[in-house]
Structure formats: C-alpha cells, structure tokens
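I opened the model to look up a few packing and pairing details. My entries follow in the order I made them.

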Amino acid sequence: MNGGRQSDSPVVPAKPANEIARAAAESVEERGLVEGNTASAACSGHGAGTRVPRAFDRVRQVAERGKKVRFTALLHHVDVEALNAAYWRLRRQAAPGEGGVRWADYGQDLEANLLDLHDRIHRGAYRPKPSRRVFIPKTDGRQRPLGIATTEDKIVQSAVVEVLNAIYEADFLGFSYGFRPGRKPHDALDALVTGLLRKEVNWVLDADIRDFFTSLDHGWLEKFCEHRIGGRRVLRLIQKWVEAGAVEDGSWAESERRTPQGATVSPLLANVYLHYVFDQWVERWRRRQARGDMIVVRYADDFVVGFEHRAGAERFLAELSERFAKFGLELKVEKTRLIEFGRFAAVNRAAPAWASGDVQLPGLHAHQRQDQDRVLRGQANHGRQADAGEVERGQGRTHAVAASTHPEGRTVVGELVRGHIAYYAVPGNLDVVRAFCEEVKRLWLRTLRRRSQRHKTTWERMQRLADRWLPKLRVLHPYPEQRFDATTRGRSPVR
C-alpha cells in the first residue's frame with residue numbers, strides 16, 4: 001500500500017451533501033436510506049463518529065459508484081488529526097486494557113503520544129497489545145468473554161474504522177442494523193413491525209448464531225476484507241488485531257477463531273463477515289427462490305426472517321444451515337424457532353380465539369396477541385416489550401447504587417432510571433416500564449429503611465423523593481410505522 005497521500009481514484013467533482021448521501025433502496029432491504037446532510041465534519045466527544053467527515057466523502061463516492069473497487073491507499077487518512085478525533089470519541093471512564101493506562105493518563109501528554117503513535121503506524125512499527133480478558137454473565141447462566149483493548153489500540157482501531165465505514169456503508173444492505181452509524185435497535189424493531197403489518201407474513205424464523213464472535217474463521221475474514229481493501233498495510237493492521245490474543249490471569253491465549261469481542265473494530269469485522277456469508281446470500285435467495293412475501297431484519301448476529309409460506313421457511317432454514325457450515329458458523333438450536341406469526345397467523349391457526357408469540361431482538365421483543373374480533377377484522381395487535389433479563393439487570397444496578405452511595409446516589413439512581421425509560425418507553429411497553437419504576441422505588445425504600453433500626457421513611461415520603469429525583473413516566477417513542485415512514489421518506493419497498 002502506498003503510504004503517501006496518493007488518491008484512491010481519479011478526482012471526482014464535489015456534489016452537494018444531500019446528493020452525496022442519497023442512494024436507491026435495494027429490493028431486499030425493506031427500507032431506504034435517509035436523506036440529509038450526512039457529510040458533515042467530524043465532531044468531538046461521545047457523539048463523534050456518527051457522521052462521516054468530509055475527508056472521507058470521496059472514498060464513499062467511489063465505493064458507491066463501483067461495488068468491485070479495491071482501495072489501495074487508505075492509511076494516509078489515519079493522520080494525527082484522525083487519531084486525535086478518535087481519542088476524544090473514547091469513553092472517559094472505560095476500563096483500562098493490559099498495562100492499566102486509562103483515557104486520562106494517555107491524555108496527559110496527548111500531542112506527543114499521538115505523534116509517536118502516528119509515526120509507528122506509518123513505519124510499520126505499531127504492535128497491538130493483547131486484550132485483557134474479562135467475563136460477564138449471560139442471561140442463560142454462561143459467561144461471555146470480552147477483550148478490553150489498551151487505550152492506544154482503541155484509538156488506532158477507532159480511526160481505521162472511521163475510514164472503513166466510508167467504504168462498507170456503501171455495501172451493507174438496508175436490513176442490517178447492528179453496530180452501524182445512525183442505526184439503533186429501535187430502528188430494527190420499527191422495520192420488523194412495519195414489515196409484519198404490511199407484508200403477507202405468516203411464518204417467522206427467529207434465529208441466533210452460536211458463539212458467533214468466537215467462531216469467525218480468520219482465513220475467510222481476510223478474504224472478505226480483500227474484496228474491498230487492496231492496501232496490504234491496512235490488512236496487516238486488521239490481522240494484527242484479530243491475532244493479538246488475550247491475557248487472562250497473567251497468561252496469554254491465542255485467538256485462532258475469534259475476533260476481539262469488546263474491541264472497537266469487532267462490530268465492523270462482524271458485519272463484514274455476515275455481509276458476505278448471510279446478507280448477500282439472503283438477497284439472492286429472496287430474489288430467486290422465495291415464493292410470496294419475505295422480510296429480513298438482522299441486528300449483529302441476531303436475525304429475523306419472515307415468510308408467507310411455511311414450505312419456503314423450512315427450505316430456507318435447511319439451506320441456511322448448510323451455508324453457515326461452509327463458513328464455520330452454526331445456528332443456536334435452543335434460540336432458533338420457526339413460529340406462526342403475522343397478520344394472518346391467527347386466521348390460519350386451528351385455535352380461533354387467540355394467537356400469540358414473540359420475536360426477540362436485542363433488549364426488546366416484538367409480541368403478538370389478538371382476540372377473535374380483531375382476527376375477523378384482519379387486524380393484528382403487535383407491540384414491543386422490554387426483555388425480562390434487561391429489566392432485572394437494570395433493577396440490580398439501581399439497587400446497588402442506592403445502597404452504596406446514598407444520599408449522592410439519588411442523582412445516580414435518577415440517571416439510571418432516566419436511561420432505562422429513554423430506551424424502553426416505547427408504545428405498548430409503558431406498563432412494563434411503570435412496573436420497573438415501582439420496583440425501583442420499593443428497592444430504594446428498603447435500602448433507606450435498612451440504614452437505621454428507627455427509620456421514619458414511609459411510602460408517602462418515598463413517593464415525594466421519587467417525584468423529586470426520578471423522571472416522569474411517559475412514552476418517548478412514536479409508533480413503529482410512523483418512525484419507519486419518517487426515516488425512509490416513503491422510499492421503502494415494504495409498502
């Protein structure tokens with residue numbers, strides 16, 4: 001790869017920002033892209049990175065015009081300015097990696113550190129350190145391994161991801177929502193619910209990939225990256241990150257078939273892998289083999305596929321298992337279900353009175369429950385509810401803060417509850433959020449009463465404290481169809 005500031009392609013004339021951002025929706029995507037000034041300059045702080053800097057506009061234009069173009073000069077975009085912006089995008093309170101250097105420690109001599117880092121990157125002397133491996137509990141009782149990279153490695157990964165996003169955002173399909181700029185779990189649920197209401201979907205495949213981040217084949221990942229990246233130095237950086245390994249209890253462990261889950265670069269690499277293994281294959285399958293309507297929504301390694309006919313759903317599931325086996329992936333049997341779900345599911349069921357079910361996406365799930373009168377009118381009652389595990393974890397965090405830091409904890413408890421409401425206060429879920437808030441108040445009251453054997457804290461006093469420190473409960477999200485239409489500006493074929 002050329003390390004100088006050589007052009008990735010012939011210079012193209014500049015266009016207005018709205019024209020640069022506009023792209024036609026593909027038939028499989030079930031949604032279009034949003035119009036708007038997405039080519040704004042980069043911003044600092046936690047919100048940085050959600051908009052593509054103008055320096056990457058040309059890269060994105062070339063990527064949109066030529067789906068087979070390979071970029072051979074990308075590393076020159078990782079300059080000191082890009083590294084500085086990446087540093088300010090990091091979370092200030094994030095756990096340190098191996099060596100214990102925190103965000104504030106690295107920033108004490110930031111200019112000199114970044115100049116030295118930039119020099120090592122472009123000389124080929126940069127060597128990522130192994131991640132510090134920690135384990136967090138999963139809802140099924142198992143432990144999820146996470147790799148915490150060093151602050152320096154996070155900076156380099158973030159800067160490179162910004163460059164690669166300009167390329168891959170032109171390639172990724174519309175039904176891919178996980179870990180992409182400007183796309184949230186709510187957007188995935190909006191697309192899912194809208195598709196269920198507007199398409200003749202009767203059967204839904206709700207699936208998950210078993211140990212996805214620990215099952216990626218490095219050889220296939222390298223081949224997939226080479227479809228778009230022709231510069232050897234960027235490819236070597238990616239190879240160094242995935243092979244850096246992890247340190248656990250003082251011992252280094254090699255990572256033969258995993259990406260460093262928890263690292264900044266991991267979500268992008270995971271999306272690249274699934275783009276070639278799953279997304280493009282699904283697009284072709286839908287266009288060539290599907291009979292009737294079919295919808296697709298993928299969020300990271302969780303995906304939901306809806307079908308009009310059961311035979312098509314069963315054939316898809318069988319062929320998908322064969323497809324995954326070729327690339328070292330496997331469906332998680334206990335979380336893969338083919339269920340009767342959709343507007344017409346209740347009509348087709350043997351039991352005429354009720355039809356129920358739920359489809360899981362991260363943190364929230366879409367559920368269906370309808371009575372006979374609504375069935376006869378051809379109407380479905382689709383809602384969204386918080387995942388029970390997420391609710392329990394939120395209550396546990398709130399209880400811990402209230403117990404350990406009162407009275408200063410009152411502000412922190414309020415922030416935790418405010419964050420929970422901001423995410424889960426969707427239409428149809430207000431009763432669940434209200435129950436969560438009531439449980440928080442009961443936990444808080446119990447904590448206050450335990451502080452003294454002669455407490456005077458009554459439920460009425462607790463209500464006054466809650467009115468002062470906890471946010472007011474109300475729905476903070478529009479109905480999914482409304483937000484989906486506003487996001488896609490009427491250009492989605494899901495209509």
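**Entry: what covers H9**

I looked up the cover over the buried residues of H9 and found that it includes H5, H6, helix H8 (218–226) and helix H10 (266–288). Cover here goes by contact, meaning heavy atoms within 4.5 Å. Helix H9 spans residues 232–242, and its buried residues are Arg-233, Val-234, Leu-235, Leu-237, Ile-238, Trp-241 and Val-242. Buried means under 20% relative accessible area, exposed means over 50%, and partly exposed is in between (1.4 Å probe, protein chains only). Helices (H or I, at least four residues) and strands (E, at least two) are DSSP runs, numbered from the N terminus.

**Entry: ground rules**

I am reading a predicted model, where local features need pLDDT of at least 70 and side-chain atom pairs count only at pLDDT 80 or more, while totals for chains, interfaces and linings use all residues. Residues are numbered from 1 along each chain as its sequence is written, and side-chain values use heavy atoms, with hydrogens and water left out.

**Entry: the chain overall**

I noted 18 helices and 11 strands in the protein chain. The chain has 495 residues, and buried residues make up 50% of them. I also checked contacts between residues at least 6 apart in sequence: 71% of these join residues at least 24 apart.

**Entry: H3 against two helices**

At what angle do H3 and H5 pack? Helix H3 (residues 80–89) and helix H5 (residues 110–123) pack at about 125°, with axes 10 Å apart. Axes are lines fitted to C-alpha atoms, for helices over the stretch in contact, and angles run from 0 to 180 degrees between N-to-C directions. H3 is therefore oblique to H5. Angles under 35 degrees count as roughly parallel, over 145 as roughly antiparallel, 65 to 115 as roughly perpendicular and the rest as oblique. H3 passes H5 in a right-handed crossing. A crossing is right-handed if the near helix is turned clockwise from the far one by less than a right angle, and left-handed if anticlockwise.

H3 brings Val-80, Leu-83, Asn-84, Tyr-87 and Trp-88 to this contact, and H5 brings Leu-110, Leu-114, Leu-115, Leu-117, His-118 and Ile-121. I sorted the H3 and H5 contact by class: nine nonpolar, two polar and no charged residues. Ala, Val, Leu, Ile, Met, Phe, Trp, Tyr, Cys and Pro count as nonpolar, Asp, Glu, Lys and Arg as charged, and the others, Gly among them, as polar.

Next I took H3 with H6. Their axes come within 8 Å and cross at roughly 110°. That makes H3 roughly perpendicular to H6. This crossing of H3 and H6 is right-handed. Ala-82, Leu-83, Ala-86, Tyr-87 and Arg-89 in H3 meet Ile-155, Val-156, Ser-158, Ala-159 and Glu-162 in H6. The H3 and H6 contact divides into seven nonpolar, one polar and two charged residues.

I stopped at Asn-165, in helix H6 (residues 151–168). Is Asn-165 buried or exposed? Asn-165 counts as buried, at 14% relative accessibility. Leaving out residues up to four places away in sequence, Asn-165 touches Pro-181 and Leu-268.

**Entry: salt bridges**

I counted 24 salt bridges, taking a side-chain nitrogen of Lys or Arg within 4 Å of a carboxyl oxygen of Asp or Glu.

Arg-60 pairs with Asp-57, closest N and O atoms 3.0 Å apart. They sit three residues apart in helix H2 (residues 57–65), so about one helical turn separates Arg-60 and Asp-57. Arg-60 is buried at 7%, and Asp-57 is buried at 8%.

Arg-483 bridges to Asp-190, with the closest N and O atoms 2.6 Å apart. This pair links distant parts of the chain, with Arg-483 in helix H18 (residues 480–488) and Asp-190 in helix H7 (residues 185–198), 293 residues apart. Both Arg-483 and Asp-190 are buried.

Glu-438 and Lys-441 form a salt bridge, closest N and O atoms 2.9 Å apart. Both lie in helix H16 (residues 430–450). Glu-438 is partly exposed at 25%, whereas Lys-441 is buried at 9%.

**Entry: positive phi**

Asp-211 is not a glycine, yet has a positive phi of about 45°. Asp-211 lies in the loop between strand S3 (203–208) and H8.
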